[in-house]
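Colleague: Could you take me through this model? I would like to begin with how the chains meet.

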Protein chains: 2
Amino acid sequence: MAKKRVTVVDIARAAGVSKSTVSLVLQGSPLVNEATRARVNAAIRDLGYVYNRSAANLRQAKSKIIGIVVNDLTNSFFAELAVGVDAVVQSAGFVQFLANTGEKIERQREVIASMREHGVSGLIISPARGTEAGDLAPLVASGIPVVLVVRDIAGAGVSSLTSDNHAGAMAAVRHLIERGHRRIAFLGGFPDTAVFEARMRGYRGALREAGLASPDELVIGSAPSRAGGVTAIEQAMMLKERPTAALCFNDAVAFGVCDGLRARRLEPGADFAVIGFDDVIEAKTAVPALTTVSVDPQGMGERAAELLLKQINAGRAESEAIVSPVRLVVRQSCGAAVERRTREVSR
Amino acid sequence: MAKKRVTVVDIARAAGVSKSTVSLVLQGSPLVNEATRARVNAAIRDLGYVYNRSAANLRQAKSKIIGIVVNDLTNSFFAELAVGVDAVVQSAGFVQFLANTGEKIERQREVIASMREHGVSGLIISPARGTEAGDLAPLVASGIPVVLVVRDIAGAGVSSLTSDNHAGAMAAVRHLIERGHRRIAFLGGFPDTAVFEARMRGYRGALREAGLASPDELVIGSAPSRAGGVTAIEQAMMLKERPTAALCFNDAVAFGVCDGLRARRLEPGADFAVIGFDDVIEAKTAVPALTTVSVDPQGMGERAAELLLKQINAGRAESEAIVSPVRLVVRQSCGAAVERRTREVSR
DNA sequence: CTTGATATTTGGAACGATCTAAATTACTCG
DNA sequence: CGAGTAATTTAGATCGTTCCAAATATCAAG
């Protein structure tokens, strides 16, 4: 019933050459004569040959697959990151193997194991919350190049690419202070993550530098999502002494904060200054357009992929920790000049 | 330098059995004695053995990989769809191979080819815009089970899982008519897609049914994104006879429409009724919460995966076209009663 | 203890590509 | 024409697993 698979031997027979020659053609070797190459390619087309990567991998022990593991694909920051990785990886002739862990360590363990079994030649990981250096130890020991993105893990001994969360948060808060705000909150995010830690330190640093206090009640954690933002701002508005501005853990939280403000009939930008973090695609087109610390997720994915490819090609490379710069993108949500509004929105 | 790979033979030697027995243990065969199994498993752990799926696939010619191809990963609808697929596929012991085509046919061709080379045992595809039955012909001819999601392709001869776009659009527009709207626009989406077509027919059908005209000027296409929504509503508000409500192609467009309305100092829900399509996660928490036709992307991914698995297990199954029902979720953006607002938002 | 089941284990041939080293062919030049 | 070199082609081993058929161990019953 089912016709047998077409193999190199079949094409070899059809083209009147040996399977070795066919293999050479498949690999685009310059050794083979033009006429022969054409004959082989014709046979490949005619017989509907499909290359069998499993067989090839078995012999070569290196697989043109690179894996990317993200902790939350429904967060567009990570979706964009994955798209960035894909672009680079793809043009380097690799294919991407994407898995979502949903922040679950156990699931992360499984997907990493599965990727190793498939012989990925490198791995880009945005670790699930609570991942420890030990969790990555077997992977690292195996010598597979690994690049951690977004969240670094101390002592893991692999390369990492993070954004300058501290400086970004500092710049954002400085901006708010310059605009006259004195009571500034830090909203959203899980307090037990390194990213939260760094952004919060930046926030505190900028306040201290300006001689302002940063009472603990103004730092309100929540899920790093839109829903989390809503609850965080609600809690902030319960305070007897309300803040007039907030730096949010990320853009999703910032959107939630805007939602929550509107629910209380406050207009973000005009009545309360909001700054996000990440600069996801929607930040630009939202109304009011979101002032945010641009991390450029797609670009970050690209850089992570390049870093990984470099390591794959170099064999055993030194691990490096790259902190990529961020910049504050001032739009409307922090109360920027109103005349800019129409211009930005109309794009 | 690099230590040699540990293989079944190594474990066999370490455990004092033959490689066949090790293979049996690996597959969880009931044939092997408990004591032996324990000994083998211990050796596996001790030597840090990593299963080589390429080798296994080569022999078995079936790969426990299922592929999922989406046309736009940065659209959270598709990200959620992928998450739904992943959940099911994962618990069935398969791994997911996700690729993003970014709506490019050429890229789609490449990723599908790559997946075939990796020997996927089934494929879930949300085809790029403009995909034709012919593009899928070689894939279909190969006998690999394929399930099309979201966008069906006439004559492709494979199973498909789409949502009842026509009925959903009709229900939404009926709702707007009941609330007294007479001039209702259809905003966003690429007019050359089947999904657009179906939703638009539903929109027109509901208007006709109520004896209302549906002038072409009220149907305004755009990119199916937030930015597209902004431009679409801007265009709609240029009309001499402005609409008072709109059914949007999808939720992203609906959010953009809300943005655009606010830019003109109109409050969505109060001054203009907006209904979306899809019910992405943020629809519920946005302010105003978005009234939308719920397609349940994650659930759809799950069902698509189940359909595919059924086909993989059944061998050559009849292809079926499933249209899953949708339901209108009334929230605030269409001008629902204000007292419901706090309740929904507080979740 | 045989004997016939039943339970467990095993050797060796696949699977479909790549790689090595060697063979063949073609070409250049005196 | 024949040597020497360059350009092509090739046979056969090999990668790490699974499968088959057959071997061996174990056990209950006579």
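Colleague: Through which surface do the copies meet?

Modeller: The copies meet through the same surface, because 98% of the interface residues of chain A are also interface residues in chain B. Two residues are in contact if their C-beta atoms, placed from the backbone, lie within 7 Å. Please note that this is a predicted model, in which local features need pLDDT of at least 70 and side-chain atom pairs count only at pLDDT 80 or more, while totals for chains, interfaces and linings use all residues. Residues are numbered from 1 along each chain as its sequence is written, and chains are lettered from A and ligands numbered from 1 in the order in which they are written.

Colleague: How many residues does the contact take from each chain?

Modeller: The contact takes 45 residues from chain A and 46 residues from chain B. By class, the side of chain A that touches chain B has 21 nonpolar, 14 polar and ten charged residues. Here Ala, Val, Leu, Ile, Met, Phe, Trp, Tyr, Cys and Pro count as nonpolar, Asp, Glu, Lys and Arg as charged, and the others, Gly among them, as polar.

Colleague: And what rotation superposes chain A on chain B?

Modeller: A rotation of 180 degrees, with 0.0 Å of shift along its axis, superposes them with an RMSD of 0.1 Å. The two copies are therefore related as by a two-fold rotation axis. In chain A, the C-alpha nearest the axis belongs to Ser54(A), at 2.2 Å from it. The superposition is by least squares on the C-alpha atoms of residues with pLDDT of at least 70 in both copies.

Colleague: Changing topic, which residues come nearest to DNA strand C?

Modeller: Of the 26 residues around DNA strand C, those are Thr7(A), Ser23(A), Val17(B), Ser18(B) and Thr36(B). A residue is near a strand if its C-beta atom, placed from the backbone, lies within 6 Å of it.

Colleague: Which helix gives the largest share of that surface?

Modeller: H4(A) does, with five residues. Helices are DSSP runs (H or I, at least four residues), as are strands (E, at least two), numbered from the N terminus.

Colleague: One last point: is Asp296(B) buried or exposed?

Modeller: Asp296(B) is buried, with 20 other C-beta atoms within 10 Å. A residue is buried if 20 or more other C-beta atoms lie within 10 Å of its own, exposed if 12 or fewer, and partly exposed in between, with C-beta atoms placed from the backbone. Asp296(B) lies in the loop between strand S10 (291-294) and helix H13 (297-314) of chain B, and its phi is near 55 degrees, a positive value in a residue other than glycine.
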